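Try each task first, then compare your steps with the solution.

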Amino acid sequence: MALPSLPYIVITVLWFALIAYAVFGGADFGAGIWEILVSGPTAKEQHALIDDALGPVWEVNHVWLVFLVVGLFSGFPGAFATLVAVLFFPLTLALIGTVLRGSAFIFRTHGLRKSATIWNRIFSFSSVITPFFLGAGAAAVASGGIQDLGPKTQANLGSLWLTPFCLTIGVLSLALCATMAAIFLTVEATNQKKADLVIIFRRRGLIAGAVTAVLGAVGLAEAAFQAPTLWQGMLAHAVPLVIATMVIGVGAAVALYFGYYRIARALIIAETAFMLGSWGVSQIPYIIPPKLTVDAAASSPSTQLLLIIGIAIGMIIILPSILLLFYIFKYKGGMGLLSKGATGGTIL
Amino acid sequence: MPHLLAARAQMGTSLAFHIIFSVLGVGLPLLLCIAEGIALKRKDPVWMTLARRWSKAAAIIFAIGAVSGTIVEFELGLLWPTYINYTGQIIGPLFAFEGFAFFLEAIFFAIYLYGWNRLKPFYHWLCSFPIVLGGAASTWFIVTTNAWMNTPTGFIFTNGKLTGIDTVSAIFNPSTPYETVHMLLACYVACGFGVAALYAFSMLRGKRDTYRRYGLLLGLGMAVIATPLQIASGDFNARYLASKQPAKLAAMEGVFTTGTNVPLHIGGFPIYDTQTGKGTFYYAIAIPDGLSLMVGYDPNTQIKGLNEFAPQDRPNPLPIHLAFDGMVGSGFFILGIAGLFWLLYFLRKRHFPEHRLLLLGILLAGPLSFLSVELGWMVTEEGRQPWVIYGLLRTSQAVTTAPFLNYSFLTFSAIYIVLAVTMIMLLLRQGRKPLPEMKWEAVSSGNDESADVSAEQEEQVGV
C-alpha cells in the first residue's frame with residue numbers, strides 16, 4: 001500500500017479538526033438551542049447548568065473553527081478562495097451567528113442582569129443560525145453544485161445552498177447539535193447530582209436523537225437525487241461507514257435510555273465522527289465535487305510539508321493541554337464510565 | 001459607497017476594533033503573571049486581589065477578542081478571496097501556526113480563569129506562563145504575515161503564475177524582525193498605560209488606597225520598561241524603511257522629490273496630488289537636514305521621494321504623515337509621563353507621587369497609548385497602498401465580487417457598536433464593585449477556605 005500523499009495527510013487532519021469542532025463546538029451550540037426551551041420550575045437551574053458546562057471550554061472549542069479556516073486556506077488555497085466567494089452569504093450569516101453567540105454568552109454570564117433576557121435570546125437565536133448555515137453550506141459543497149472555480153466566482157444567492165437537500169442537512173445539523181448537547185448535559189447534571197435535570201435532558205436527548213435519525217434518513221435518500229457524485233462515492237467506498245453510523249446511533253439511544261450517560265456521550269461523539277467521516281470518504285478524490293480534486297487544490301509541496309511539520313509540533317503541545325483542560329473541568333470528580341445515572345419520567 | 005471602499009471600510013473597522021483586544025490579550029496576561037507572582041512571593045492579599053479582579057475583566061476582554069479575531073480571519077477570505085489565494089499559497093502555514101498559539105492561549109486562559117479554586121496556588125500561577133508565551137507567539141506569527149505583505153519574498157511571479165514558493169524565506173522577509181518587535185512592545189506599552197490610567201482615574205476621584213497604588217505601579221512599571229525600547233525600535237524601523245519600503249517612508253515624512261539634506265517635518269499637512277506629483281507642505285515645523293540625519297547620520301544622505309514611483313503606485317501622504325506624527329507625538333508624551341513618575345518616586349525615596357497634574361497626565365497617557373497603536377497600524381497599512389501585497393497584488397484586484405457589501409459593512413459596524421457599548425458597561429460595572437475583604441485566606445487560590453467563601457465574596461473577588 002502506497003503512503004498517502006501530502007495533500008491527503010493535510011485534508012485528513014483538517015477533517016479530524018472538523019469532527020472536533022462539530023462535536024465540541026456543536027454541543028455548545030446545542031446548549032444554546034435548548035436555551036429556547038428553558039422554562040418551568042427548574043429554569044434557573046437549567047441556565048446555571050448550561051453556564052457551568054460551557055464556561056471553561058467554549059472558547060477552546062471555538063478555536064477549532066479558527067484552525068479549520070486557516071488550515072483550509074494554507075493547505076488548499078484554491079478551494080478556500082472558491083468556497084468563500086460562492087458561499088459568501090451562508091458563511092457571512094454563520095459568522096455573524098458565531099460572533100453573537102460568543103459575545104451573548106459572555107455578556108449574560110458576567111452580569112448584566114437587567115438585560116440578561118435580551119442576551120439570552122440572542123444567545124439561543126445565534127446558536128440556531130450558525131449550525132444551520134454551516135450545515136447548509138457543507139451540503140452545498142457535497143451536492144456537487146459548485147462548478148465555477150476561483151476567487152472571482154460570483155456569490156451564490158441561494159440556488160446552491162437553499163435546495164431541499166441543503167435545508168435538510170441544515171436542520172439535521174441543528175438536531176445533531178441539540179442531541180449532543182442534551183447527552184453532554186445529562187453527564188454534567190449527574191456530576192452535579194441534579195437528578196431532575198438529568199431526567200429533563202435525557203428525555204430531550206432521546207427526542208432530538210429520534211429527529212436526527214429521521215432527518216439523516218431523509219438526507220440520505222435526497223442525496224441519491226441531489227448529490228449524485230456523493231451518492232456514487234458512498235456506494236463505492238463508504239457503505240461500511242454509513243452502516244456503522246447507524247449502528248452507533250442506535251447504541252447511543254440505548255445507552256441514553258438506560259442511564260449510562262458516559263457511554264452515551266462516547267457513542268454520540270463516535271456517531272458524529274462517523275457521520276462526517278462517511279461524508280469525507282464519499283467525496284474522495286474531490287475537495288469540491290465534481291471538478292476540484294484534493295490534489296489539484298493543494299498548495300505547493302514545500303508549503304504542505306511545512307504545514308504538516310507545524311501541525312505535528314502544534315498537536316504535541318495542544319492535545320495534552322486540551323486533555324488537561326477537560327480533565328480539570330469535565331472529568332475530575334465526575335461520574336464513572338460504567339455508572340448509571342437517574343432515569344425515569346415519560347419520554348413522549 | 002463604492003464596492004472597494006465598502007470592503008476596505010469593513011476590513012478597517014474590524015481590524016481597528018480587533019487590534020485593541022489583541023493588544024489587551026497579549027499584554028494583560030503578563031500583568032496577571034507579575035501580579036500573582038508578587039502576591040505569592042510576599043503572601044500579599046492586595047496583589048492577589050489585583051490579579052483576581054483583572055482576571056475577571058480579562059475573561060470578558062479575551063472572549064470579545066476571540067470572536068472579533070474570528071471575524072477578521074473569515075473576512076480575509078470573504079472580502080479578499082484573491083488575496084487569500086496568494087497569501088495561502090505562499091505564507092499560509094503561518095496562520096495555522098498562529099492558530100496553535102491561539103489554542104495554547106485559550107486553553108490556559110480557561111484553566112487560569114476558571115481554575116482559581118481548583119488548582120494549588122503555584123500551579124495556578126504557572127498556568128499564566130503559557131498564556132503570555134502564546135500571546136507573544138501569535139503576535140509574532142500574525143505580524144510576520146503583515147511584514148510579508150509589505151516586503152513579499154519567497155516566490156517568483158511570472159505570467160500570472162506563482163512558482164518557486166519558499167515559505168521559509170517568506171517568513172524571514174526583511175520586515176519581519178522590525179515589525180514584530182515593534183508590535184509586541186506596543187502591546188506591553190499600551191496595556192501598561194491602559195491599566196495605570198484606570199487607577200489614576202479612581203485616585204483622582206479620591207480613592208487613594210494601597211490597592212490602587214499597586215495597580216498603578218504595576219501598569220507604569222511595565223510601561224517604563226517597554227516604552228523606551230519601543231521608541232528605539234521605532235528609530236530602527238525608520239532607517240529600515242528608507243532602504244526597503246521607501247514609498248512608505250516618503251509618505252510618512254511627506255517627501256515629494258528625491259534629494260539630500262531632506263528636512264524632518266513635524267506636524268503640518270502634506271497636500272500632494274499623486275497623479276501630477278505636485279504638492280505643498282502646509283504649516284509644518286521643518287528641522288533642516290533632520291530626516292537625512294536620522295536615516296544616514298549625515299546631512300548628505302539621499303532620501304527617495306514619491307516622484308520615484310509611478311503615479312498609480314503612490315500612496316497619499318496626508319493621512320499617513322498625520323497618523324505617523326500622532327503616533328510619535330503620543331509616544332514621546334507617554335514616555336515623559338512614565339519617566340516623570342518614576343523619577344519623582346525614587347527621588348522621594350519610594351514615596352508615591354500623587355500630584356493631581358501627574359495623575360491627569362497618566363490618565364491621558366492610557367487612551368493616547370492605544371491611539372498610537374491604531375495610528376501606527378494605519379501608517380503601515382495606508383503606507384502600503386495601493387497594494388495589498390506590495391508589488392504583487394493591488395487592493396482593487398483583491399476584492400471580492402460579492403454584492404451588497406454596503407449592507408455587510410453596515411451590519412458588522414452595528415455589531416461592533418453594540419459589542420463595544422455592552423462590554424464597556426460590563427467592565428465599568430465590574431470596576432465599580434466594592435473591593436473584597438483582602439485577607440490572604442479569602443483571596444489566595446486553591447485552598448479550601450476560598451471554596452467556602454460566600455457567594456457575595458466570590459462575586460467580588462472574581463472566581
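This is a predicted model: local features need pLDDT of at least 70, side-chain atom pairs count only at pLDDT 80 or more; totals for chains, interfaces and linings use all residues.

**Exercise 1. Work out whether the radius of gyration of chain A agrees with that of a compact globule.**

Solution. 
- Start with the make-up: chain A comes to 13 helices and two strands.
- For 348 residues, a compact globule would have a radius of gyration near 20 Å, and chain A has 20 Å, so the two agree.
- Then look at the box: along the principal axes, the C-alpha atoms of chain A fill roughly 55 × 40 × 40 Å.
- Of the 348 residues in chain A, 58% count as buried. Among the contacts in chain A with a separation of 6 or more, 82% join residues 24 or more positions apart.

**Exercise 2. Find how α1(A) and α11(A) are oriented to each other, and list the residues that meet.**

Solution. 
- Locate the helices: α1 covers residues 6–35 of chain A and α11 covers residues 261–283 of chain A.
- Their axes come within 9 Å and cross at roughly 140 degrees. Angles over 145 would count as roughly antiparallel, and α1(A) and α11(A) are therefore oblique.
- The crossing of α1(A) past α11(A) is right-handed.
- On the α1(A) side, the residues are Trp15(A), Leu18(A), Ile19(A), Ala22(A) and Val23(A); they meet Ile269(A), Thr272(A), Ala273(A), Leu276(A) and Gly280(A) of α11(A).
- Sorted by class, this contact has eight nonpolar, two polar and no charged residues.

**Exercise 3. Which element gives the most to the side of chain A that touches chain B?**

Solution. 
- Count the residues on each side: 55 come from chain A and 50 from chain B.
- List the elements of chain A that give two or more residues: α3 (58–75), α4 (77–86), α5 (88–109) and α13 (301–331).
- α13(A) gives the most, with 14 residues.
- By class, the chain A side has 34 nonpolar, 19 polar and two charged residues.

Conventions
Residues are numbered from 1 along each chain as its sequence is written. Chains are lettered from A and ligands numbered from 1 in the order in which they are written. Two residues are in contact if their C-beta atoms, placed from the backbone, lie within 7 Å. Helices (H or I, at least four residues) and strands (E, at least two) are DSSP runs, numbered from the N terminus. Ala, Val, Leu, Ile, Met, Phe, Trp, Tyr, Cys and Pro count as nonpolar, Asp, Glu, Lys and Arg as charged, and the others, Gly among them, as polar. Axes are lines fitted to C-alpha atoms, for helices over the stretch in contact, and angles run from 0 to 180 degrees between N-to-C directions. Angles under 35 degrees count as roughly parallel, over 145 as roughly antiparallel, 65 to 115 as roughly perpendicular and the rest as oblique. A crossing is left-handed if the near helix is turned anticlockwise from the far one by less than a right angle, and right-handed if clockwise. The radius of gyration is taken over C-alpha atoms; the globule rule is 2.2 Å times the number of residues to the power 0.38. A residue is buried if 20 or more other C-beta atoms lie within 10 Å of its own, exposed if 12 or fewer, and partly exposed in between; C-beta atoms are placed from the backbone.
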